Protein chains: 4
Amino acid sequence: MIIMKSDATKEQIAQVVKQIKQCGLRADVSKGKFRTVIGLVGDETKIPFAHFATLPGVKEARMVEVPYKLVSREYSKFFKGENERMVVKVRNIEIGGDEPIFIAGPCAVESKKQLLRIAEGAKKAGAHILRGGIFKARSSVHSFQGLGSGSSKEAEQALDWLREAGERFELATVTEVRGETQVDIAAEYADILQIGARNMYNQDLLTKVAKKNKPVLFKRHFGAGIEEFLSFAEYIAAERNKNIILCERGMLPVGKGKSFTRYTLDLAAIPAIQKETYLPVIADPSHGSGRRDLIFNMSCASIAAGASGLMIEVHYNPEEALVDAQQAVTPDELKEIIDACQKIHKLVAPKRNEGN
Amino acid sequence: MIIMKSDATKEQIAQVVKQIKQCGLRADVSKGKFRTVIGLVGDETKIPFAHFATLPGVKEARMVEVPYKLVSREYSKFFKGENERMVVKVRNIEIGGDEPIFIAGPCAVESKKQLLRIAEGAKKAGAHILRGGIFKARSSVHSFQGLGSGSSKEAEQALDWLREAGERFELATVTEVRGETQVDIAAEYADILQIGARNMYNQDLLTKVAKKNKPVLFKRHFGAGIEEFLSFAEYIAAERNKNIILCERGMLPVGKGKSFTRYTLDLAAIPAIQKETYLPVIADPSHGSGRRDLIFNMSCASIAAGASGLMIEVHYNPEEALVDAQQAVTPDELKEIIDACQKIHKLVAPKRNEGN
Amino acid sequence: MIIMKSDATKEQIAQVVKQIKQCGLRADVSKGKFRTVIGLVGDETKIPFAHFATLPGVKEARMVEVPYKLVSREYSKFFKGENERMVVKVRNIEIGGDEPIFIAGPCAVESKKQLLRIAEGAKKAGAHILRGGIFKARSSVHSFQGLGSGSSKEAEQALDWLREAGERFELATVTEVRGETQVDIAAEYADILQIGARNMYNQDLLTKVAKKNKPVLFKRHFGAGIEEFLSFAEYIAAERNKNIILCERGMLPVGKGKSFTRYTLDLAAIPAIQKETYLPVIADPSHGSGRRDLIFNMSCASIAAGASGLMIEVHYNPEEALVDAQQAVTPDELKEIIDACQKIHKLVAPKRNEGN
Amino acid sequence: MIIMKSDATKEQIAQVVKQIKQCGLRADVSKGKFRTVIGLVGDETKIPFAHFATLPGVKEARMVEVPYKLVSREYSKFFKGENERMVVKVRNIEIGGDEPIFIAGPCAVESKKQLLRIAEGAKKAGAHILRGGIFKARSSVHSFQGLGSGSSKEAEQALDWLREAGERFELATVTEVRGETQVDIAAEYADILQIGARNMYNQDLLTKVAKKNKPVLFKRHFGAGIEEFLSFAEYIAAERNKNIILCERGMLPVGKGKSFTRYTLDLAAIPAIQKETYLPVIADPSHGSGRRDLIFNMSCASIAAGASGLMIEVHYNPEEALVDAQQAVTPDELKEIIDACQKIHKLVAPKRNEGN
């Protein structure tokens, strides 16, 4: 990265960017409160750092040590400050700010009526963002693939219900894009675009979604180490989109015999990731445990671990949900969760502000 | 299991036990508030349940479905009640009771002075039980194996320091027994005997420890599923020792690349285990994360997940600890952790008492 | 599935297909030597099997028990016979036939010269199919993404080199498609389309590739169980494309500490998968081990385990390969591998033909 | 380690050993064809290597880089030569020599008659060593724990049958010791003492077994990385017992859903371990796959991977075995396996002798 002096001029910055391009790399210009830092997209070994250090307006020029460069604290500390975090803003909501944010809604949108009723319940319970799956990632081609997997007209109709439900109940909206052809239309309707765990490695999708310049909810794959997770978040950041909300949703269970939970929620990853990156991290206790009866505890635990928010599946009648019926909670249960989590967040937040 | 009528006589119970033995099995007589239930140790298929159901005083006779029988709720509900948990009592401390219990102390006992100083700090911070490793399980034969791995005189001396520190600061004590030859002597000095994660599968050690009739702190192996963990706890219960404190201490990390934590603390296992068994479950965030800077968050998260207590490594100067220096906290940090955890425990406890 | 009588007429088959569509499912008509079987794509519970069993020409109508239906032996045994396997044909090559098939070539195509030189070496060593990565799936956005990740003109040029190299040395060709936008063009040039391990879960890509009606080389994700692997192969089969070559390429390593291999090649999966499905299975010892010095042994082991072929990275000078330099072998080493593997294949084949 | 000059005298060696002890470490004197090398047991940082390098007869004094020191090639190359392997000799059998060695027998000894009949079949099939479990490591306290788990008289009787069967059919014998109290008696009867996978971490057992100075068959734990496996083998070597036969027997399966094999046999570990250590490595395809129908292929694959031998469960009527009935083969099947494996061993051996 190239760290500019605090009084570097626009021309000096432009000159650095130009020379970076001449080396065959792309420049990531990050303007901070105090100075501008220029990150590099591409093979850093092609950059003559000694030469760059001598350019006018340049304070320092050097490699970033970690493989995830543009999302690392090593990079952000020069333009954001040492312990500062990114706050992702969507409508009037701040993810990664002072309050925990709750994303709630059905696993799959099934009908307008179902969605509106759940949205109303979620809002009353205290949620901030409405989730609703329209393009569903499923293990079996024989299962319901979401309303968006039929004609594009059906997809658009379901997306419109999501938008309408969001507006009516003053909730921001998020929906998953599963394939590249769904990106454009989803971006027209939803406030946040989600990339599911199974698509974490889908770099073409990541790049296409990033370019929409909307906040991206990016889920960790169940077999991905932290380094790999952040290295793929880097594909989004490389398109100059840093509005990335990272989400821990459970790892492959290890250990023989019957699994008592669908996945193993890796809660220590939450504070560990927050020490590596300035991006906010949330948790998904619904997918993480796959068990409705564990969601209260795992929600509280996620917030206690330092999560900036939660994503929870809600249904007024969980048993009749078409997808993942066994892991949704009712709006009443959601309220109980949000209340407890807000109190726990207050207890752990002071520690967090010490730079934890 | 054989469920006796609430008015079954001693003689009737004795008759059932006698016939169980004649079938080649052992009987586990559990007297509850309302009735006596008799568990079976051995191959249940050898028991003619239809015949047993007709014996005087017998209400019901049937197999237990889960492989961990004597520690299952399916068994305990008949003598303890549906949502009742086991409370393990040691001195005046109740593990699994209304208050969270904190076990603290050095990873390894290094000297009398070190131990006393840490014990004093732990007590002031609010801990209830003093831990101190004397027989250390180590990955390398070239590493310090604990003071107990020299002569038996040295082992006894270190155990005596532990006893003395416990008495002086009114802390119960726990120490790990690593091999069968250490069981007798450790049982003379410590209040609780610990079986480490690496010995979870060591059934000869489990049986020998169980027979001491002292509370056993039983750690889950980092590669053991819940079913397997409980099936090995069953080796202890089969010796009529149900004073078992289960401890989650982290699973093998899954995911390629550098691990950011030593293990993956499986916090969802805590409520999941509590639905299967009546035994109390605690967590060890020190070994679970292996990182001092994550212990505050992971302690809070463990309690939020429903743990009945925590085991935390403490050192007045973590950097100079001979073993696991990077994962101990100071007494001041311990106090901060205990304070936050007690508040969180209050927030999640009401939910817990609903039978969650 | 609906099993037709051996003398069922076209009209009777058409009638069954029509009624399946009326139930909202798709029909997969499989004509075998002896009879036609009609598989179902969608929710089988919507099919009134009792009614279908009474339709003219129908012998039997029932659910398929396993979640992967169209690729299961339970399905194929009715039209292929009990122990019969699928043979995927491409040019004059039979994958899954009597001889093991060797796919060889560079990890990434770097230049026409590099590709032709490697193709020539691979052919001389005895390879049948030329591999060459043009759209590379990479962990880091900062790494070389393959010649196809620049302009579409560059992609087409590299694909044309692949085609030319294949023709010149009489090798069939295979290349990976990483994103949906690359499917059309890749299908124009390559004989086989590869879906990489990281895209195993990318159902939109699977569907799009399947529709090209070309053989698909489908790699198992490093965190996918066998059931999940076959359930995603089902996405391809559901588009009426059964020309699927399954490929085992290594699982996430389990076990703390430094990994001595990049992945854990799951060789027992090869015979295990072959008992579940009629599709051929090959192995990739290059990615599976990530170590050039282990490839000879792991190639022999894969064939001994029952693999129908191997995919091996070859470079005339492995050290200078732009991607995965540490896991390629030279053409001479390839020849040694192919020779040993052909002998081992002969030793294990008779056992295989017994229906193993 | 301290590498002595080729003409170092006994007195010079004794002097080095003496000074090592004065530093608080133990010395491991390894006499080779060309020179003597002295390994260190304990904390190497306490050794002033610069001083040791100046002692008479000393050629070189330095740390061993890998954590497993006494079993490493880095150590052995000075007394054994670069690519030389250890050959473990028992009776007239050489494990790690020119021929693959086959260990066969029942999972559990059930009766004298059963054992003799299986031993006879194993011998006829070509096996060299008879296995027979007397102290069984079991997941459930309710399962059959082996004949040795009753009275010590019963244990001794079963051990005597094993000895007798071995003598009658000219087979060496191996049996597992599960707990410390079984070591003495097992060592009286069996030629080789086995430490099971679940006891890999049981350092007290390892030390006790090592001291018997009999060959040790040491199985890798299903959650242990290679580094950890070798670090625990080091506990045996530290007692001056290098007659260690390492055994790969399968890792924890990774991947959601039904496991199609009990464990994942990590065959790449075989050549990878052989590059780290001079100890011979064998494989156990019975436990590794847990499926009788996969044992032929996995046996061939293990030998192709470079294994020096196999351990296979045999029963004349697998269905009626009391333990692990689903994973035993018949003597006829064993013969077929041994025949194929011997041919494959010949094919891969030349490569191996090149230092592979």
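Reply: A residue is called buried under 20% relative accessible area, exposed over 50%, and partly exposed in between (1.4 Å probe, protein chains only). By this rule Lys33(D), with a relative accessible area of 60%, is exposed, whereas Glu84(D), at 36%, is partly exposed. The model is predicted, so local features need pLDDT of at least 70 and side-chain atom pairs pLDDT 80 or more, while totals for chains, interfaces and linings use all residues. Residues are numbered from 1 along each chain as its sequence is written, chains are lettered from A and ligands numbered from 1 in the order in which they are written, and side-chain values use heavy atoms, without hydrogens and water.

A salt bridge is a side-chain nitrogen of Lys or Arg within 4 Å of a carboxyl oxygen of Asp or Glu. Over all chains, the structure holds 95 salt bridges. One of them joins Glu84(D) to Lys33(D), with the closest N and O atoms 3.3 Å apart. Glu84(D) lies in the loop between helix 3 (73-76) and strand 5 (88-90) of chain D and Lys33(D) in the loop between strand 2 (26-31) and strand 3 (36-41), so the pair ties together parts 51 residues apart in sequence. Helices (H or I, at least four residues) and strands (E, at least two) are DSSP runs, numbered from the N terminus.

In chain A, a salt bridge links Glu74(A) and Arg62(A) at 3.4 Å, N to O. Glu74(A) is buried at 17% relative accessibility, and Arg62(A) is partly exposed at 25%.
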